[in-house]
Amino acid sequence: MWELYKKYKYDFPIIIAFIVFVLLSYFYNYNPGISIFEDNFWGFIKEMILALPVMFILVGLFDVWVSRERVQKHIGESSGIRGMMLIMLLAFIQAGPIYAAFPVAYILWKKGTSARNIFIYLSSASIAKIPMLAFEIGFLGLKFSLLRIFISIPIFIIVATIMGKYFTKNNCEVKNG
Amino acid sequence: MIPIIILTAILTIVSFVFDKQKTKKAVKKGVMMFMKILPTLLSVIIVVSVVLYLVSDELLIEYLGNEAGLGAYVSAAVIGSISIIPGFIAYPLASILLKTGVSFSVLSVFITTLKMVGVLTIPIEAKFFGFKTAIIRNTLSFVGAILVGGTMALIYHYY
């Protein structure tokens with residue numbers, strides 16, 4: 001129990017305080033409180049309640065079915081440009097919020113993906129998921145989206161290369177959440 | 001999202017047909033990982049919900065609008081880095097901002113930092129990557145996002 005408390009020592013107080021706050025807001029008809037809960041919090045819950053469990057089950061399936069050798073060969077240390085393209089493609093077809101990408105990064109790492117490709121994966125997933133892109137083009141126009149993506153790609157490859165070097169040099173690991 | 005859900009459902013069924021034990025193990029593993037991250041996820045969502053309430057549309061228009069000058073770029077970078085606004089809210093909001101006179105240049109900085117930097121999601125990232133790596137990655141991404149946003153701003157300004 002103490003272990004559990006220690007692991008989430010900031011999370012539990014926030015959750016409990018929020019529950020009390022929302023209950024009191026409803027009791028006293030405090031509009032900002034109700035709006036925070038109904039418009040914002042509930043919107044996020046709806047977004048993640050389906051996306052995340054689905055991503056985690058995909059991660060579980062990937063873990064039991066795909067061999068380490070296979071992953072290593074395609075997106076491992078010596079995979080080069082082809083590996084980079086593959087990992088970007090994998091990230092682009094993803095859906096859901098950025099925090100759904102972290103468990104995927106963990107399983108990719110565990111199966112032997114190179115550190116640089118892990119960080120390319122994270123950046124790609126945050127800049128251009130295809131489902132969101134259609135939405136972006138609809139609201140801001142094709143020029144905006146194309147400019148944003150083509151300028152972002154070289155920059156985040158540089159960021160990922162630096163991160164990969166740092167990660168390998170310091171013997172860092174991606175943990176299981 | 002729906003195609004991914006369908007894909008996952010099909011893959012799970014196919015996997016189950018081939019190997020019951022393996023599939024059970026896979027689903028159990030996924031569910032356990034989800035439960036483990038759930039408390040942190042909830043507390044991050046709570047903080048984001050409160051921040052999102054405090055950063056109202058009117059506030060954004062005031063800080064990102066044309067009268068704000070160079071300050072608009074700084075506000076765009078700061079607000080973009082701190083908030084995580086899901087796309088289905090962010091893009092309609094961005095098009096409202098455009099109509100109220102916020103320039104494409106400022107919006108570029110706002111959208112790129114919004115996407116590439118997540119100060120509020122650092123607690124979740126840290127569970128997987130460690131605190132130090134999460135901080136370094138977000139700092140580098142911030143520099144990157146400013147470069148992307150800045151380049152786009154220049155292009156929109158001159159062309």
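In the predicted model described here, the contact between the two chains, counted between heavy atoms within 4.5 Å, takes 72 residues from chain B and 71 residues from chain A. Because the model is predicted, local features need pLDDT of at least 70 and side-chain atom pairs count only at pLDDT 80 or more, whereas totals for chains, interfaces and linings use all residues. Residues are numbered from 1 along each chain as its sequence is written, chains are lettered from A in the order in which they are written, and side-chain values use heavy atoms, with hydrogens and water left out.

The area buried between chain B and chain A, that is, the accessible area (1.4 Å probe) that two parts lose on being put together, summed over both, is about 6,800 Å², and carbon and sulfur atoms give 79% of this area. Across the interface the rule finds 11 residue pairs in polar contact, both residues being at pLDDT 80 or more; such a contact is a pair of N or O atoms within 3.5 Å, of which, within protein, one must be able to donate a hydrogen and the other to accept it, and residues adjacent in sequence count only if both atoms are side-chain atoms. On the side of chain B that touches chain A, two or more residues come from each of α1 (2–18), α2 (20–54), α5 (87–99), α6 (104–116), α7 (122–129) and α8 (131–158) of chain B, helices here being DSSP runs (H or I) of at least four residues, numbered from the N terminus. The most is given by α2(B), with 25 residues, and the residues of this side of chain B divide into 44 nonpolar, 18 polar and 10 charged.

The rule finds one salt bridge across the interface of chain B and chain A, a salt bridge being a side-chain nitrogen of Lys or Arg within 4 Å of a carboxyl oxygen of Asp or Glu. In this bridge the side chains of K29(B) and D63(A) meet at 2.5 Å, N to O. D63(A) also meets K111(A) in a salt bridge (3.4 Å, N to O), and this pair links distant parts of the chain, with D63(A) in helix α3 (residues 31–65) and K111(A) in the loop between α6 (101–110) and α7 (115–127) of chain A, 48 residues apart. D63(A) counts as buried (under 20% relative accessible area) at 8% relative accessibility, and K111(A) is buried at 9%, whereas K29(B), at 29%, counts as partly exposed, a class that runs between the buried limit and exposed, over 50%. D63(A), K110(A), K111(A) and K29(B) are linked in a network of salt bridges.

Leaving aside neighbours within four places in sequence, F129(B) is in contact with F102(A), A105(A), I118(A), F119(A), L122(A), F167(A), V174(A) and K175(A).

Key
Nonpolar A, V, L, I, M, F, W, Y, C, P; charged D, E, K, R; others polar. Buried < 20%, exposed > 50% of the residue type's maximum accessible area, 1.4 Å probe, protein only.
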